[in-house]
Amino acid sequence: MNYAALVVAISDYTENTFQTVDVNLFITQAEQRIYNSMQFPSLRKNVTGTITASNKYLSCPNDFLAPYSLAIFSGSGPYTFLLNKDVNFMREAYPTPTDTGTPKYYALFGPTVSGSTISNELSFILGPTPDTTYSAELHYYYYPESITTASSGQTWLGDNFDSVLLYGSLVEAYTYMKGEQDMMALYNQKYMEAVVLAKRLADGMERQDAYRSGQFRQAVK
C-alpha cells in the first residue's frame, strides 16, 4: 500500500475527508506507535566513524534513537565490541580524563554543548579515553522515513505489512474525530490483531531459522 492508497483508505473507512496536514499526522503517529512496539530489521542502521586520540566523546548520528552495538577496530580488524554503561559508571571507573587506553565501555552522555551552542542532540562518552585513533562501527535504532514524505510514496512497512499501518492510522483518525466508542473499539481491536501478526514476523520469524531453531510445529490434539 502506497501513500495515496493509504490516504484513500483512511477516508473511505472513516467516511470523512481530512486535510493533508491532519491525515499525515495520523499516519506518522501510527508509524511511531508501530516502530516502538516491535523491532523490524528495517529499523536498524549502521554507520562507521572515527574516534580520535585523547577525545573521550563520540557524536551520535542525527537520526539516532537507541544503540544496538558499538565496536571499535584498527585497519582491517579485529572488531572489539564495547559494553554499554551509564555516565556514573564511567566517571567512577575513569575519574581522570588524561588516563588513556583502548576503550572498553560507552555510555549515552547527552548533547555536545559549546557555550550556548548545541552541536548535536546526543553523544557517547568512552572509557577509558582513547589512546590513539580508532575506527568505530555503530549499529543503532532509528525511525525510517515516513511514508508521508517518501518521494516514491512507498516504505517497507507499507509494502510488507500495510494492515498494521492502516489500522494504526484509523485509530488516530477516529480519535481525532471523537468517533463512536464501538467503532473506536473495533479499530483498536483490528490494530492489536495486526500488531500481533507483525510482532510474530519482526520479533519471531526474522530472528530465527529452521536450521538453528527447528521448524514450527503445531500441537495436534
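Visitor: What does Lys45 form a salt bridge with?

Guide: With Asp63, and the closest N and O atoms are 2.7 Å apart. Keep in mind that this is a predicted model. Lys45 sits in strand 1 and Asp63 in the loop between strand 2 (57–59) and strand 3, so the pair ties together parts that are 18 residues apart in sequence.

Visitor: OK. How many salt bridges does the structure hold?

Guide: Four. One of them joins Glu172 to Arg33, with 3.4 Å between the closest N and O atoms. That pair links distant parts of the chain: Glu172 is in helix 5 (residues 162–177) and Arg33 is in helix 2 (residues 20–35), 139 residues apart.

Visitor: Which side of the burial cut-off does Glu172 fall on, and why?

Guide: Glu172 is buried, because its relative accessible area is 18%.

Visitor: What about Lys190, which side chain does it meet in a salt bridge?

Guide: Glu193, at 3.9 Å from N to O. Both residues lie in helix 6, three residues apart, which is about one turn of the helix. Lys190 is partly exposed at 31% relative accessibility, and Glu193 is partly exposed with a relative accessible area of 37%.

Visitor: How many bridges join strand 1 to strand 10?

Guide: Eight. Thr48, for example, has Glu137 of strand 10 as its bridge partner. Strand 3 and strand 10 are joined by seven bridges, and there Ile72 is partnered with Ala136. Between strand 3 (residues 66–73) and strand 4 there are two bridges, with Ala71 partnering Phe81.

Visitor: Is strand 10 mostly covered or open?

Guide: Mostly covered: strand 10 spans residues 134–141, and six of its eight residues are buried.

Visitor: You mentioned Glu137. What's the nearest side chain of opposite charge?

Guide: Arg44, 10 Å away. Glu137 is buried yet has no salt bridge. The side chain of Glu137 does have a polar contact of 3.2 Å with the side chain of His139.

Visitor: Which residues does Glu137 touch, leaving out those up to four places away in sequence?

Guide: There are Asn46, Val47 and Thr48, then Ser69, Leu70, Ala71 and Phe73, plus Tyr79.

Visitor: Last one, where is Arg207?

Guide: Arg207 is in the loop between helix 6 (181–202) and helix 7 (210–213). At 48% relative accessibility, Arg207 counts as partly exposed. Beyond its neighbours within four places in sequence, Arg207 is in contact with Gln39, Arg44 and Ala202.

Visitor: And how far is the C-alpha atom of Arg207 from that of Pro41?

Guide: 9.4 Å, with the two residues 166 apart along the chain.

How values were computed. Residues are numbered from 1 along each chain as its sequence is written. This is a predicted model: local features need pLDDT of at least 70, side-chain atom pairs count only at pLDDT 80 or more; totals for chains, interfaces and linings use all residues. Side-chain values use heavy atoms; hydrogens and water are left out. Helices (H or I, at least four residues) and strands (E, at least two) are DSSP runs, numbered from the N terminus. Buried means under 20% relative accessible area, exposed over 50%, partly exposed in between (1.4 Å probe, protein chains only). Contact means heavy atoms within 4.5 Å. Two strands pair if DSSP finds at least two bridges between them. Lys and Arg count as positive and Asp and Glu as negative; His and the chain ends are not counted. A polar contact is a pair of N or O atoms within 3.5 Å; within protein, one must be able to donate a hydrogen and the other to accept it, and residues adjacent in sequence count only if both atoms are side-chain atoms.
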